[in-house]
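This report is a short walk through one protein model. Have the sequence and the structure open while reading.

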Amino acid sequence: MYFQDEPEHITMLRETLRRFVEAEAPRESVREWDRECRYPKDVFRKLADLGVCGLTVDESHGGSGRDIVAAVAVIEELCRKSTALAGPYIHCAFYGGLNISESGSPEQKSELLPRIVNGDVIFAYGLSEPDVGGELANVRTTARKSADGRKVIVNGTKRWCTAAKDSDYVLCLARSDADAPKYKNLSFILVPTDLPGITMTPIRHTSIRYAETTDTIFDDVEVPIENVLGGEEGWNKGWQMLAGPALDVEKLETAACALGIATAAVEDAWQYAQERKQFGGVISGHQAVRHALVDARTKLMACRHMLYHAAWLANENRPCAVETSMAKLFIADTTVEIVMSCQRVMGAYGLAEEYDMERYMRDIVCWPIVGGSSNMQRNNIAARLKLAS
Ligand SMILES: Cc1cc2nc3c(=O)[nH]c(=O)nc-3n(C[C@H](O)[C@H](O)[C@H](O)COP(=O)(O)OP(=O)(O)OC[C@H]3O[C@@H](n4cnc5c(N)ncnc54)[C@H](O)[C@@H]3O)c2cc1C
């Protein structure tokens, strides 16, 4: 893809979303949601009514057909204001829409996908655990079949289970076979959050506060065997599902969040620098400040190109594990630099609650960690490119 204009339907979608966000997410509300660590359910409902949750779902299940570039653009646009709407969008259209579309059984697809398109069902990711971060193949949460094989019993603790309290299901990665070799011993279980045996304990945190994140503890939680992602066929296939095409897109979704936040930071700093006067003129007149702002915009442009190139490859179903890892690595790390330098341009005011920069700073620092840390991306790229070790 060389130098094509953005497809018209995506440009129009961006314009619609900008108007929507302007009307539905005023600054004061965004601050309140951040303070209270929650997203506005009524506004998310209206967002879903725009049809955006169907961008990861095929037409036969009521969606608009898989359009990864458009779905990534939705995240970017929402994050230019805050993560408050991008968060639930991802939990619905990506955690739910993509995973069920790619790995769900026919019954799971017909039951859940139309509800996902309507924005009616939210999923939390239950991957991390107290002793498991990047090393997901070693999760300790267990899933075992009941004696008659009709139920699955889940035990263990999922950490950082963001929005579990707001979700209908936790998509729980569990060890389903004590004897099978690594990578062939995991399953994803769709665990409804209202079942007996589930408790949730909040983890206080500073970044991406669109929802509470929790330790979510499963104590002999029983679900029907049909709740294995992919149905019974999906038993012990969790790793393939995790490391499949959905992973490529997950890297893009986190990168899109970072790009949206960094874009907002550059715009705010750019404007502020032309208003703030020191030493007889606007601070954008000082060469050091001008250069900082231009460097930020240049890096932002590089991030944008990497993101949408990788999204295009993913949308075309081309191999893109390296490109999506490179995009995640570069964008997550570079947008931290961008936002930090924008904060410095705004001086003390870049740390004041009165300005949004303080929130961008808190929100940007999580992306080199979540969705596969920068080091994990480096490891993946080196392995994929067969760098001798
Ligand atoms: C706000 C927030 C929300 C989150 N939401 C969710 C969620 O909804 N669901 C979920 O499952 N998880 C969630 N997470 C957890 C997140 O995915 C993990 O933090 C992430 O996977 C990294 O794990 P860790 O923090 O335990 O780091 P660790 O894996 O312990 O790594 C710590 C450091 O060591 C480095 N490191 C580790 N191994 C290697 C290696 N082999 N080579 C080089 N460097 C290495 C890492 O890069 C990192 O810098 C969330 C985290 C945050 C902060």
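## Domains and their contact

The centres of domain 1 and domain 3, taken over C-alpha atoms, are separated by 21 Å. The model is a predicted one. Its domain assignment gives domain 1 as residues 8-121, domain 2 as 125-238 and domain 3 as 244-384.

Between domain 1 and domain 3 there is a contact in which 18 residues of domain 1 meet 22 residues of domain 3. On the domain 1 side, α4 (68-79) and α5 (83-103) each supply at least two residues. The largest share of that side, eight residues, comes from α4. By class, the side of domain 1 that touches domain 3 has ten nonpolar, two polar and six charged residues.

The largest nonpolar core has 119 residues. Val74, Tyr89, Ile189, Ala262, Ala265 and Leu307 are the members with the most contacts inside it. Helix α8, residues 245-273, gives the most to this core, with 15 residues. Leaving out residues up to four places away in sequence, Val74 touches Leu13, Leu17, Val52, Leu55 and Tyr89.

Helix α8 has 29 residues and reaches 42 Å from its first C-alpha to its last, close to the 42 Å expected at 1.5 Å a residue. Of these 29 residues, 22 are buried, so α8 is largely enclosed by the rest of the structure.

## Glutamate 253

Glu253 lies in helix α8. Is Glu253 buried or exposed? Glu253 is buried, because 26 other C-beta atoms lie within 10 Å, and the cut-off for a buried residue is 20 or more.

Not counting residues up to four places away in sequence, Glu253 touches Val72, Ile75, Ile90 and Phe94. The C-alpha atoms of Glu253 and Arg362 are separated by 18 Å, and these two residues are 109 residues apart along the chain.

## Helix α11

Helix α11, residues 357-364, is mostly covered, with six of its eight residues buried. The buried residues are Met357, Arg359, Tyr360, Met361, Asp363 and Ile364. They pack against α2 (27-36), α5, α8 and α10 (321-345).

## Around the ligand

The ligand is surrounded by 21 residues, and the closest are Leu127, Gly133, Trp160, Ser373 and Asn375. By class, the shell has ten nonpolar, eleven polar and no charged residues. Domain 2 and domain 3 each provide at least three residues of the shell.

## The loop between β3 and β4

Trp160, one of the residues closest to the ligand, is found in the loop between β3 (151-158) and β4 (169-175). Ala163 is found in the loop between β3 and β4 as well. Trp160 counts as buried because it has 21 C-beta neighbours inside 10 Å. Ala163 is also buried, with 24 other C-beta atoms within 10 Å.

Most residues other than glycine have a negative phi. Trp160 has a positive phi of about 55° although it is not a glycine. Ala163, not a glycine either, has a positive phi of about 65°.

How values were computed. Residues numbered from 1 in each chain as written. Predicted model: local features only at pLDDT ≥ 70, side-chain atom pairs only at ≥ 80, totals over all residues. Near = placed C-beta within 6 Å. Nonpolar A, V, L, I, M, F, W, Y, C, P; charged D, E, K, R; others polar. Domains from an automatic or database assignment. Core = buried A, V, L, I, M, F, W, Y, C linked by C-beta atoms within 7 Å. Buried ≥ 20, exposed ≤ 12 C-beta atoms within 10 Å, placed from the backbone. Helix = DSSP H or I, 4+ residues; strand = E, 2+ residues; numbered from the N terminus. Contact = placed C-beta atoms within 7 Å. Expected span 1.5 Å × (residues − 1).
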